[in-house]
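Hi,

Here is the structure we talked about. Please open it alongside this note and follow the points below.

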Number of protein chains: 2
Amino acid sequence: MKHPLETHRAQAAAILESWGMAAATAATTADVLAWADLHGIESHGIAMLVEYDARRKTRPINLRPAPRVVRDTPVAALMDADGGLGHAPAREAMQLAIAKARSAGVGMISVRNSGHFGALGYYTTMAADAGLIGIAATSVFGIRVPPTGGGEARFGTDPWSFAAPGSDGRHFVLDMATTTVASGRVRNKIVEGQQMPPGWGFDRQGRPTLDPREVMDGGFLSPLGGAAESAGYKGYGLAVMVNILASCLSGSTLITDPMHSRQPYGLDVGHFVMAFDPGMFRMPDEFQSDVTRLCDAMRATPPVDPERPVLVAGDPERAVRAVRERDGIPIGPGLARRLHALAAETGAEWLFMDVASSDAAPEAISGLT
Amino acid sequence: MKHPLETHRAQAAAILESWGMAAATAATTADVLAWADLHGIESHGIAMLVEYDARRKTRPINLRPAPRVVRDTPVAALMDADGGLGHAPAREAMQLAIAKARSAGVGMISVRNSGHFGALGYYTTMAADAGLIGIAATSVFGIRVPPTGGGEARFGTDPWSFAAPGSDGRHFVLDMATTTVASGRVRNKIVEGQQMPPGWGFDRQGRPTLDPREVMDGGFLSPLGGAAESAGYKGYGLAVMVNILASCLSGSTLITDPMHSRQPYGLDVGHFVMAFDPGMFRMPDEFQSDVTRLCDAMRATPPVDPERPVLVAGDPERAVRAVRERDGIPIGPGLARRLHALAAETGAEWLFMDVASSDAAPEAISGLT
């Protein structure tokens, strides 16, 4: 079944409000989730409500947080998100970064005591829409990845995003986990009965494997690059960089700390968002025009497969958005049933179409990053 | 043969001065090259003089440049490097970034009209030594890498560096090409008669290959991650990010521009360096202590191979430095002969030990990034 963006957003907000979240916070959170689904990033869309529900039942998450700025300079601020989910404080942080970039040229905001904040591209696109370069990084909840040469997991999918405005409105938007793939794609290989390509994961001894069952059975996801010989230490290095920016700068509990995810309150996640003005260096239109020339030159590269033209980061998501703005955002029957059960449990209004009775297995959904 | 750092630096400076470079510029350039060799980064050390010599003979490089600040704000500046090599202007740019970070919290410097500047870790380590976070990126001369799904090369090794100070003086220093490996390592596989691991390169049709000869015979290096199925689009995305920061921000000729490397003057390389103060967010000692706790937790991970403990970015280079500070910096006979020939050609003083006559083939040296 497919629904327009507005219905999608309203359904997510209704469920969040039924949990006790303030209407404004729920609206922002739902907007970030719906943005991800609109752009085809289902792993960070409304499906996350299932994960958030599991979290709120196992540990206290502040559903009525009052984020506040703890330290402030003309170019930087430290925010405390007060133990709630990350979407609303991260959007506020990027708004503050943009305001500082407009007045001082650059704004860098560190956020502590926060939670999962959805797709990073949402925030860096805010900066690009304002004609600025945007950067975002976040620490994560789950520990799934060993350092290169290590036999135990020490860090997570630790994502990074960088966006720059193009003169044609097609921003360059890189939004990537620093792992090769997310665990959802490993699970899908098990479902399909297929081996994984090289570089996706390690077995429980930390050795590279092509068997997805070995990854899910006590094994690990691999950092971007895979094993050491194919430069997995670079993905590992990028993940440590992300943790330094998101956790060490903000004072969030380190992912390597024994108390990580065991604090009495909140989700221990830190964010880093930044915006800066290319106009400090060049005329803004010259900069944007060069970004577009660079991206267009990539797109014009003769493709290996004539059916698959070369794309630039941000292109696939824009293509999905164009279709979904016209046709609506699809939700599979398994996810719809799960959301329906969530809504029923707390008496949230059900805005999606009737959930068809079906005995198909619920769809796999990607894990929280 | 091995020589102390001082001899190494003096030898490089003598050759550069013999080309007409001003003494102060030659001293800075030699310092950056010797730093790389001291830390085991031979691909960016004194061996580069052979490449620089080839360049200066084929195109005008300004050996007496007068870099100048073109635009300036409290947090940013645009520098023009005046068509010379990049080491001296990049060091000046990072010094300026550090000064701005000390006064305003952050300094971002864009450099245009520059050349190869050696190892990025030199500059980001300057920031970490000052208690700051350092970032550096540069565009490159050589075009060796296709965008994901593309059958022609469009960009280069496009490196990125990030450094953060640790409380124990062991800074986290990530300095990485956004390709899986440099071409030197592909050449070494040919010499050894070995296949490459998955993810290193593509053949001339842009298809993944394990045969190093196919890479060197009209094929391509792969972005970090390798093929699309192992997330090579992430390395490709990072490379575009580096080009946006280094070229689009500075107004340097884009690597995709038909005039790239064909300008009448200089090497068309742009840099981006940045420093910022963690003290804007937390007490600096708390930040540095968390960086060290994070890195120590990685180092304490039980290794897959008990003989090979887990390392953190910056550790391998520090280990090499400790040995070379004690024993001197080794130079193989092939490189020594090449440098000796360079020195003889322009009458530069020869400070290294006598070059033993030998009919061994000259060593392969890594290509200019």
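In what order do the seven strands of the open sheet in chain B run? The order is S2-S3-S4-S11-S5-S6-S7, and the pairing is mixed. Before you go further, please keep in mind that this is a predicted model.

**The seven-stranded sheet of chain B**

Start at the edges. Strand S2 (68-72) and strand S7 (172-176) of chain B each pair on one side only. From one strand to the next, the twist averages 15°.

Now look at S2(B) and its partner, strand S3 (residues 76-80) of chain B. The two run antiparallel and are joined by four bridges. Across this pair, Arg68(B) stands opposite Asp80(B) in S3(B).

Two helices to find here pack on the sheet. Helix H4 (residues 87-104) of chain B touches S3, strand S4 (106-114) and strand S11 (269-276) of chain B. The direction of H4(B) makes about 160° with that of S4(B). Helix H8 (residues 232-248) of chain B touches strand S5 (133-138), strand S6 (160-164) and S11 of chain B. The direction of H8(B) makes about 90° with that of S11(B).

**The three-stranded sheet of chain B**

Chain B also has an open sheet of three strands, in the order S9-S8-S10, with antiparallel pairing. Strand S9 (208-209) and strand S10 (220-221) of chain B are at the edges. Each has a single partner strand, so one side of each has no neighbour in the sheet. Strand S8 (residues 201-202) of chain B pairs with S9(B) over two bridges, in the antiparallel sense. In that pair, Phe202(B) stands opposite Pro208(B).

**Domains of chain A**

- Domain 1 covers 1-58 + 316-369.
- Domain 2 covers 67-179 + 223-299.
- Domain 3 covers 183-221.

The centres of domain 2 and domain 3 of chain A, taken over C-alpha atoms, are 27 Å apart. Their contact takes 10 residues from domain 2 of chain A and nine residues from domain 3 of chain A. On the domain 2 side, four of these residues are nonpolar, five are polar and one is charged.

**How the two chains meet**

How many residues of chain A are in contact with chain B? There are 71, and they meet 71 residues of chain B. Several elements of chain A each supply at least two residues to this side, including strand S3 (76-80), strand S4 (106-114) and H8. The largest share comes from H9(A), with eight residues. By class, the side of chain A that touches chain B has 40 nonpolar, 19 polar and 12 charged residues.

Helix H8 (residues 232-248) of chain A packs against helix H9 (residues 284-299) of chain B at an angle of about 140°. Their axes are 10 Å apart, and the crossing is right-handed. H8(A) makes the contact through Val240(A), Asn243(A), Ile244(A) and Cys248(A). H9(B) brings Phe287(B), Asp290(B), Val291(B), Leu294(B) and Met298(B). Seven residues of this contact are nonpolar, one is polar and one is charged.

How are the two copies related? Chain A superposes on chain B by a rotation of 180° with 0.0 Å of shift along its axis, at an RMSD of 0.0 Å. The copies are therefore related as by a two-fold rotation axis. To locate the axis, go to Gly225(A): of the residues of chain A, its C-alpha comes closest, at 2.2 Å.

Best wishes

Key. Residues are numbered from 1 along each chain as its sequence is written. Chains are lettered from A and ligands numbered from 1 in the order in which they are written. This is a predicted model: local features need pLDDT of at least 70, side-chain atom pairs count only at pLDDT 80 or more; totals for chains, interfaces and linings use all residues. Axes are lines fitted to C-alpha atoms, for helices over the stretch in contact, and angles run from 0 to 180 degrees between N-to-C directions. A crossing is left-handed if the near helix is turned anticlockwise from the far one by less than a right angle, and right-handed if clockwise. Two residues are in contact if their C-beta atoms, placed from the backbone, lie within 7 Å. Ala, Val, Leu, Ile, Met, Phe, Trp, Tyr, Cys and Pro count as nonpolar, Asp, Glu, Lys and Arg as charged, and the others, Gly among them, as polar. Domain bounds come from an automatic or database domain assignment. Two strands pair if DSSP finds at least two bridges between them. Copies are superposed by least squares on the C-alpha atoms of residues with pLDDT of at least 70 in both.
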